[in-house]
Amino acid sequence: MATRDGSEEVIMETEAKSKEAEPLGELVEKGDAESPSDAGNATTQDSSISNGDNTDEKQEMVDLKIIWNKIKYDLKIPVDSTGAKLKESIHSLTGLPPAMQKVMYKGLLPEDKTLREIKITNGAKIMVVGSTINDVLAVNTPKEVIQQEVKAEENKKEPLCRQKQHRKVLDKGKPDDVMPAVKGTKERLPTVPLSGMYNKSGGKVRLTFKLEQDQLWIGTKERTEKVPMGSIKNVVSEPIEGHEDYSMMAFQLGPTEASQYWVYWVPAQFVDAIKDTVLGKWQYF
């Protein structure tokens, strides 16, 4: 009996333990049942985060044609992006660092204004001029030396407008058909050629900036000379004494001052735009 009773006690204890284990099983089943809901909640969060990243879909976009080194690129960008942001996008497309870019749309494109403010629309062609860092260093190191020498010589000389070679042109007076000038302001290049000015021989001259070809056209009555902007070594200017709303300006087409092409009665508001367009802000001077 003792053995039987003992066996029965063991069986009873085993059944009790089995019954005690049942709630644990139920908890496990409940936990398994709840897991699909939790997974669904996690998926919703991921989707929300993904939607938050796609901010461009909620912005007004503009399609542009980027032209650099005779290669065309398509670019879609928010119309409220600044010129600086556009340069970053061009960097992604071309590999050309923003600091080495000269971006042009009806003149040099300002970095602090948005594409909407500049009135860039769908299909607009954006011209980009620039070289890799290695190319710039190789080409511009001699040019930098030239610029320093030219500036040093200018500091030693009397004002340009008082020199005899310039006085004979300036003494003719302001041309009747010269473009109006505004002193103390800076404006972008006009969409029409700058005209009504004199050259060194006293003949009429006009300047046309062909941004899509990266050329400066110097036109006279006799002919039009098409000069690649990249070949212009320097641009110097000085206000005309007594007529400070106009300047005299020289484009250095070769390695020495002897190659300077002088233009007189340039409206003051366009002087900086001309220099930025021809030389680019990334130059070393």
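Reader: How many residues in the lining of the second largest pocket are nonpolar, how many polar and how many charged?
Author: A pocket here is an open set of points on a 1 Å grid over the protein atoms alone, where a 1.4 Å probe fits, with protein on both sides within 12 Å along at least five of seven lines; lining residues have an atom within 4 Å of a point. Ala, Val, Leu, Ile, Met, Phe, Trp, Tyr, Cys and Pro count as nonpolar, Asp, Glu, Lys and Arg as charged, and the others, Gly among them, as polar. On that scheme the lining splits into five nonpolar, two polar and eight charged.

Reader: What kind of model is this?
Author: Numbering runs from 1 along each chain as its sequence is written, and side-chain values use heavy atoms, leaving out hydrogens and water. Local features need pLDDT of at least 70, side-chain atom pairs count only at pLDDT 80 or more, totals for chains, interfaces and linings use all residues, and the model itself is predicted.

Reader: Back to that pocket: what is its volume, and which residues are closest to its centre?
Author: Grid points are joined across faces, edges and corners, and the volume is the space filled by probe spheres set on the points. That gives about 370 Å³ for the second largest pocket. Of its 15 lining residues, the closest to the centre are L108, P110, E187, R188 and D276.

Reader: How many helices and strands does the chain have, and what share of its residues is buried?
Author: Helices (H or I, at least four residues) and strands (E, at least two) are DSSP runs, numbered from the N terminus. The chain comes to six helices and eleven strands. Buried means under 20% relative accessible area, exposed over 50% and partly exposed in between, with a 1.4 Å probe and protein chains only. Of the 285 residues, the buried share is 38%.

Reader: Which residues of α6 are buried, and which strands are among those covering them?
Author: In α6 (residues 271-279), the buried ones are V271, A273, I274, T277, V278 and L279. Just after the helix, G280 takes a positive phi of about 85 degrees. What covers the buried residues of α6 includes β3 (102-104), β5 (194-199), β6 (204-210), β9 (234-240), β10 (243-252) and β11 (260-267).

Reader: What does L194 contact beyond its neighbours in sequence?
Author: Contact means heavy atoms within 4.5 Å. Leaving aside neighbours within four places in sequence, the partners of L194 are M179, V205, R206, L207, F209, F270 and I274.

Reader: Is S195 buried, partly exposed or exposed?
Author: S195 sits in strand β5. Not counting residues up to four places away in sequence, S195 touches D177, V178, M179, V205 and R206. Its relative accessibility is 30%, so S195 counts as partly exposed.

Reader: Which residue forms a salt bridge with E60?
Author: A salt bridge is a side-chain nitrogen of Lys or Arg within 4 Å of a carboxyl oxygen of Asp or Glu, and the structure holds nine. For E60, the closest N and O atoms of the pair are 3.0 Å apart, and the partner is R116. The two come from distant parts of the chain, 56 residues apart: E60 lies in the loop between α1 (2-53) and β1 (61-68), R116 in helix α3 (residues 115-118). E60, D80 and R116 are linked in a network of salt bridges, but the direct partner in this pair is R116.

Reader: Where do K85 and E88 lie?
Author: They form a salt bridge, with the closest N and O atoms 3.8 Å apart. An α-helix has 3.6 residues a turn, so residues three or four places apart point the same way. K85 and E88 are three residues apart, about one turn, and both lie in helix α2 (residues 83-94).

Reader: How far apart are the closest N and O atoms of K186 and D272?
Author: K186 counts as exposed because its relative accessibility is 68%, while D272, at 31%, counts as partly exposed. Their salt bridge has its closest N and O atoms apart by 3.1 Å.
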